[in-house]
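Hello,

Here is the structure I promised to pass on. Please have a look, and then read my notes below.

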Amino acid sequence: MSIKKNLIKLFGFILLSMQGLIVQAEIEDRISVFAVNYPLAYFAERIGGEHIELYYPIPQGIDPAFWKPSVDEIIKIQQLDLILLNGADYAKWLDKVSLPYSKLVDTSKSFNQDFIHIQKNATHQHGPKGEHSHAGIAFTTWLDFSQADAQAKAVMQSLSKQLPAAKQQFESNFQSLSRDLNNLNQELKQIVTSNQAVLASHPVYQYLARRYHINLLSVMWEPDAFPSEAEWSEFKGLADSHGAGWMIWEDEPDQQIRDRLKGMNIQAVVFSPCMNRPEEGDFISVMQQNIENIAAVFR
Ligand SMILES: [Zn+2]
């Protein structure tokens, strides 16, 4: 073999190696991110795209507000670049672990003066997972889509700070997400046209009710737990005085519950808070379905 051919081969090899190094460098440029709930994970994925590596260990079917990480999961979270928090007192486990302050992003900081404080200190069960309380600050901030937009913006800003080279891409991805959120915002504003009284199965719709002027009262029920007779009788009093013909649920209630409500002339309608990753679709498609569902109430 001639020297020339060998040189060409060697040159080709060097080029390939360099390419490998460049690919490697790009991968190492990815921002590792933890999100405390699915809405923030979704925002991070849409804004960050290929530039982020999301760590989201919360299993489907569990409410992230009441999830607790294992020791291994805490160690992993501590090592990431960014830790996206919901704020509003969300995820009580955060008080019990020490996380690097410089990596924490409080996504609801820009509107924390607007938080809703819950008066009643009511504790209740979530299925077999034990008791929990909704006392303190209402935390489903993202059900007011203008607040969700502010949280998405905080995610965009933290990613841009972390990886300035991709700032423009983060900004344009955010614009697209922001448009979707704004559409949801406008649609809901147009749908709620009356003072129609509505009941809710769970105290998670405070921001939704405030932003879109829904005349809403909550109980503390679960879609898969048939209430006691005492709870039904208390509910009857509430429904009568409120004059509600509709009840919003986080998930499809059991047929037995639905039938009993029907007997009281109350129809069940699902508005999923989408706190965890849905089985189908994503944050936006779940919210679109919610809006379609709730449109029936005001028709
Ligand atoms: Zn609850």
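Predicted model: local features only at pLDDT ≥ 70, side-chain atom pairs only at ≥ 80, totals over all residues.

Residues are numbered from 1 along each chain as its sequence is written. Strands (E, at least two residues) and helices (H or I, at least four) are DSSP runs, numbered from the N terminus. Two strands pair if DSSP finds at least two bridges between them.

Angles here run from 0 to 180 degrees between N-to-C directions, and axes are lines fitted to C-alpha atoms, for helices over the stretch in contact.

Now the pairings. Strand 9 (residues 197–200) pairs with strand 11 in the parallel sense, over 3 bridges. Leucine 199 has methionine 247 in strand 11 as its bridge partner. Methionine 247 stands opposite alanine 268 in strand 12. Isoleucine 248 has valine 269 in strand 12 as its bridge partner. The chain leaves strand 11, passes through helix 8 (residues 255–263) and reaches strand 12 in a right-handed β-α-β crossover. Right-handed means that, with the strands pointing away from the viewer, the path from the first strand over the helix to the second runs clockwise.

Between helix 8 and strand 12 there is a loop that holds asparagine 265. Its phi is near 60°, a positive value in a residue other than glycine. Most residues other than glycine have a negative phi. Asparagine 265 is exposed, because 9 other C-beta atoms lie within 10 Å. The cut-offs are these: buried is 20 or more other C-beta atoms within 10 Å of the residue's own, exposed is 12 or fewer, and partly exposed is in between, with C-beta atoms placed from the backbone.

Strand 1 (residues 31–35) pairs with strand 2 in the parallel sense over 4 bridges. Phenylalanine 34 has tyrosine 55 in strand 2 as its bridge partner.

Helix 2 is largely enclosed by the rest of the structure, because 9 of its 11 residues are buried. Among them are Tyr38, Tyr42, Phe43 and Ile47. Their cover includes strand 1, strand 2, strand 3, helix 4, helix 5 and helix 9. Glycine 49 follows helix 2, with a positive phi near 50°.

Aspartate 89 also has a positive phi, near 65°, and is a residue other than glycine. Look for aspartate 89 in the loop between strand 3 (82–85) and strand 4 (104–106). Aspartate 89 is partly exposed, because 17 other C-beta atoms lie within 10 Å.

Then the helix pair. The axes of helix 4 (residues 145–162) and helix 5 (residues 167–191) come within 9 Å and cross at roughly 175°. So helix 4 is roughly antiparallel to helix 5. Angles over 145 degrees count as roughly antiparallel, under 35 as roughly parallel, 65 to 115 as roughly perpendicular, and the rest as oblique. In helix 4 the contact residues include Phe145, Ala152, Met156 and Leu159; in helix 5 they include Phe170, Phe174, Leu177 and Leu181. By class, this contact has 10 nonpolar, 5 polar and 4 charged residues. Nonpolar covers Ala, Val, Leu, Ile, Met, Phe, Trp, Tyr, Cys and Pro; charged covers Asp, Glu, Lys and Arg; the others, Gly among them, are polar.

Last, glutamate 292 in helix 9 (residues 283–295). Glutamate 292 counts as exposed, because it has 11 C-beta neighbours inside 10 Å. Glutamate 292 and isoleucine 191 are 101 residues apart in sequence, yet 9.3 Å apart in space, C-alpha to C-alpha.

Best wishes

Conventions
Contact = placed C-beta atoms within 7 Å.
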